Amino acid sequence: EQAKESYQRAIENGNLNLAYAKLANLLYIYGTAQETKEFAQKSLKEQPDNAQLWLVLALIEYEVGNKEEALNAAQKAHSLSPTKDSLYVLSRIEQNLPIEY
C-alpha cells in the first residue's frame, strides 16, 4: 500500500514514465483485474508511448479473456519496445497459450 501511494505521488508530481510502469506492475500483481485495467487505460491516455503500460494491459486483457484487445496491446508494446519480454507475451497470446512467469 505504501509503494502504491508513493508511485501515485510520483505520477502526480512529475508524470514519470517509470512511476506509471511500476504502479501498473504493482496493481497487476496485487490489485484486481478491473483496477489494473482501468489504471492502464487511463494512464495510456497520458503515456501513449509507455511500452510497459501496454504490456500490462495486454496481460490483464488476456487474463480476463479479451484476446483481441490483449493481442492489440501486446503488438503495441512490442512495437514500442521490442524486448524478449514483449515478444514472449505477444507470441503466447498469438498462439493462445498460457503466459508463464
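User: Is E61 buried or exposed, and at what relative accessibility?

Analyst: This is a predicted model, in which local features need pLDDT of at least 70, side-chain atom pairs count only at pLDDT 80 or more, and totals for chains, interfaces and linings use all residues. Residues are numbered from 1 along each chain as its sequence is written, and side-chain values use heavy atoms, with hydrogens and water left out. Buried means under 20% relative accessible area, exposed over 50%, and partly exposed in between (1.4 Å probe, protein chains only). E61 has 3% relative accessibility and therefore counts as buried.

User: Which residue forms a salt bridge with E61?

Analyst: A salt bridge is a side-chain nitrogen of Lys or Arg within 4 Å of a carboxyl oxygen of Asp or Glu. The partner of E61 is K37, with the closest N and O atoms 3.4 Å apart. K37 lies in helix α3 (residues 33-46) and E61 in helix α4, 24 residues apart, so the pair links distant parts of the chain; helices here are DSSP runs (H or I, at least four residues).

User: How many salt bridges does this rule give?

Analyst: The count is two. R92 and E100 also meet in a salt bridge, at 3.9 Å from N to O. R92 is buried at 18%, whereas E100 is exposed at 55%.

User: What describes two packed helices?

Analyst: The angle between their axes and the distance between the axes describe them. Here the axes of α2 (residues 17-30) and α4 (residues 51-63) come within 9 Å and cross at roughly 20°. That makes α2 roughly parallel to α4 (angles under 35 degrees).

Note on methods: Axes fitted to C-alpha atoms, helices over the stretch in contact; angles between N-to-C directions. Helix = DSSP H or I, 4+ residues; strand = E, 2+ residues; numbered from the N terminus. Parallel < 35°, antiparallel > 145°, perpendicular 65-115°, else oblique.
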